Amino acid sequence: MSLRLPPEFRPSSKSVGRRTYNLAYVSPLLDSDLKRNLEEAAAYAKRHPVLIEIVGEGCRGEPSFIDEVLSYFQELGFQGLSLPRIFGHQTPLSLIRLLLGLDQTDGLKLTPEHEERLWLLDPEAEVPDGFEPENLSWMRLNLIKELLSRRFDKPSAAALCAYSGELDLESLTLLEKVLESIHDLRLLIVLNYDERIHVPGLFSRLNSFFIRYVPEIGGENLGSFGRVLEENLPHEQFEKFLRELTPSLSYTNQLRRYFDIDLDGRYDRRLNYPLTPIQLFLSRWQRLNEKQRNILLALALQQTVCDSRRLEFALELPEDELAGELDELLRKGLVLSVDAGYTLADTNFFTWSIDFSDHQLAERLTRRHLEYKPPRDLYGERLMRLDHHLELHKWPAAREELGDLLDYLMARGLQQSVLGMEKRVRELLKQPLEPRSAFDLLYHLVTAALGRRNAETAVRLVDDLKAYATDLDDDRRGLLAEARGRLAELRNDVVAAADHYRRAVDYLQSPDRAARVLSRAVMKLLQSNRRERAVKLVERFNELDSPAARRLALLSRTELERVQRNHQAAKGYIEELQCELADENLENELSVSAELELGRIAKAGGQLEAALEHFELAHSIARRVGFAVGEFHALSLTAMTRYQMGELEAAIEGYLESLTLLDLYGHSHEKLSILNNLGLIYHSWGFLESALSCLETCERYFTNTGDLESMVSIWSNLGMIWLDLGFIDRTQYYLKLLSEGKAHPEQSNEPTQGNRHIIAYIMANIAEQQGNPELAERLYRQTAEFYHEHDMRLFALLLDTNTARMLRLQERFDEAAEFLERIRTAGEDLSSKRLTVSVSLESGELMLARLRFDEAAEWALSALEVADRLNIPESRFRIYWLLTRIHRTQGETAQAAHSYQAARDDLDRILADFNREDLKAAFLKRPRIRAFLDNAPAADSA
């Protein structure tokens, strides 16, 4: 076992990392240094996804810089995809749709199952009933991940270019998440933005390159104008002209067009020195007729792609007359024609066209734009109306439009797009708004930030929201308290989260919403081990009169009874909930929670196969309804069940799969919970330093979060690991923490009652190590009795094998044999290979102690057959050491030497996990290890 920590918790040595270059582009060849670095990116992209950001003018000119980059990657063996270029404001998810080829006839071929989910990538589609808005973004992530893997099944390079307007942040943030989690996708994406619309800070966690493109202008870029200048100017003056020329291909192209088109190729000495970009535009503007200027103004006011029907309506021009003027503007290079209509050729033209126009005309054209009724009220239309209202200082209309737009985006789970509206929200908040309206606008941003699990943004927005808390109605006070609870939960303070949720219930007017918050409060109280408060809070469900409240009450009562280990009562509540959901034909988050609870109950009773069935069903439902947390819990509970069955490698694989899921969703609390369980598995496997590394990382993270449930698990695991390493003083430190039972100052008045069995178990191990089997027996029996009483048969029977061992060490052989037979009979239906190995191994030890060598060998070989399939070196070491002693006692020297060497091989696997010499030295001093090493065959001793 070479894995010290899961890859997700270690820095990768293979990572390219984020790099920045400032380049001068010389046509037609790429810079040699850039080529070398692009080759490095391409080599990495043949195994993992890589992203290259180019900020500058890569989209412009023929041929463009971006075309040359893409062509170079094709030379390196990539399939090149030059996707349609985007102009103007971008609809959410438009970049993702382009990348996947969803709107192209030769794009991705979809399966029927993918077709059914395609509405997730259409922001204009209606959301089917039964889907929670926050879950939609997680469903979207899964779908994009699947479709990307399907579309790019061989090394591919795709170019996405945005020319003007606002970036589709929804697509970019989804893309960042997805590429971060798909490690084997052979895809190289080239993102190109205009300088004015680039948003820094994206893709910092990916293997990515950042290039700022500054074109170097040569005489050949000026075409006929350059040849005329070169003929009419001394060489030094011509070189000075080129040095002072603005390093912009867009500007250079406009200068060429000014000379070739506007001046009809006539040389004018005033052009000896280049005009500034704004002077050049003004010179060209003054040569346009009135209709052409009005067209540029109409396009500028739209700020995005504008179809000819809208232009006809806004300008009140006949179709043929408009077409003629547009052709002239296209020829002059002031307008571009794109699939959806027309747009200005340069981002600067939007501002300059308005600045040089008559303001009364601008107001009239704005009104005409607002009066225009497109076939559908699309996102771009809503955004345009909003910006016009803001521009004209029509604050009430802007407030209404912005509120509607935020509702529209939130209903579709487009949370990043909501956060992208913050600038407009801030502009409105500067105006005199009543506190309720201001609160509602900010609350949308808060909800989106919490949904994106963006703690830094959420903290800032919640602080702003609190400024409007005075003079609010009760319902909004409840919403604020709920937001503060979610923020505390995001920051992993479960004690504060529970208290905020409890306060929110006092104010919220909607029974359904109050019930949801109440159930979260109960869950957090149980997580922080404040059960008495949880019991009282569950009674508050009786005050809420709605079907949702009744169902959530059943779920909360189930959780409460299960935590208190009243499994039959818990099962009754959850089955009642399932009947109600079935009667109404509902499948939602509660359906997932119900299956998870039934699986937990079955697992606690040792019914591992039944538990797996419940967890797998929960996982499939969670995928259908987009319940990310439920999907994670189903995966991790399946992995833990595999562990309890003894299938450690399958458990590791399951946990790593759930970590991949969490890479998409960003749940750090749950991610560290997995690390705790991985520590437990490594401990069982025999890799103690790896286990210690995992658990100490968890301890640092969970300290002061108030999550006592997690802390108790971490403390007990650390106590046992330090004991197995031979550090009894460290074990006693964790026993003290367990006996105090506090993970947060506010838990001091409600001491823990449930840790005694864990403390007894650790003390039993200490007693065993110190050679006191009588005390160890009593403590093991006490611990097992607790688990038997609470219907947790597997844990109880595993502990009973320890009791049988203590009986053997006291030479109470008949009692030990009877005990082991009872364990075998009681565990026949539990499907636990761990229990099988444990019972068989102890039976072999007992037969050896009774000098019944043949029976001892049979039990040892029976244990070895299962342990070999499980590949657990700790178990194999103990079994081979037992076989060594059996063979030696029977005088079978060769077989004893063979078994000893096999045991030594497994011990070496365990020792290979150690890097710290102090830990390794302490482990080797353990009596069991010392006894093994001191009894090596003569050749080995040498």
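This is a predicted model: local features need pLDDT of at least 70, side-chain atom pairs count only at pLDDT 80 or more; totals for chains, interfaces and linings use all residues.
View 1. Residues are numbered from 1 along each chain as its sequence is written, and side-chain values use heavy atoms, with hydrogens and water left out. The sulfur of C698 lies 6.9 Å from that of C694, its closest cysteine sulfur, and this is too far for a bond, a disulfide being a pair of cysteine sulfur atoms within 2.5 Å. A search of the whole structure finds zero disulfides. C694 is buried at a relative accessible area of 0%, and C698 is also buried, at 0% (buried means under 20% relative accessible area, exposed over 50% and partly exposed in between, with a 1.4 Å probe and protein chains only).

**View 2. The packing of helices α17 and α20.** The axes of α17 (residues 395–411) and α20 come within 11 Å and cross at roughly 25 degrees; axes are lines fitted to C-alpha atoms, for helices over the stretch in contact, and angles run from 0 to 180 degrees between N-to-C directions. The two helices are therefore roughly parallel to each other (angles under 35 degrees count as roughly parallel, over 145 as roughly antiparallel, 65 to 115 as roughly perpendicular and the rest as oblique). On the α17 side the contact is made by R399, L402, G403, L406, D407 and M410, and on the α20 side by S437, D440, L441, H444, T447 and A448, where contact means heavy atoms within 4.5 Å.

View 3. T447 lies in helix α20, which spans residues 435–451; helices (H or I, at least four residues) and strands (E, at least two) are DSSP runs, numbered from the N terminus. With a relative accessibility of 14%, T447 counts as buried. Leaving aside residues up to four places away in sequence, T447 touches E134, M410 and R486.

View 4. D264, a residue other than glycine, has a positive phi near 55 degrees and is placed in the loop between α9 (249–262) and α10 (277–285). At 56% relative accessibility, D264 counts as exposed. N871 is not a glycine either, yet has a positive phi of about 60 degrees, and lies in the loop between α41 (853–870) and α42 (873–889). N871 is partly exposed, with a relative accessible area of 25%.
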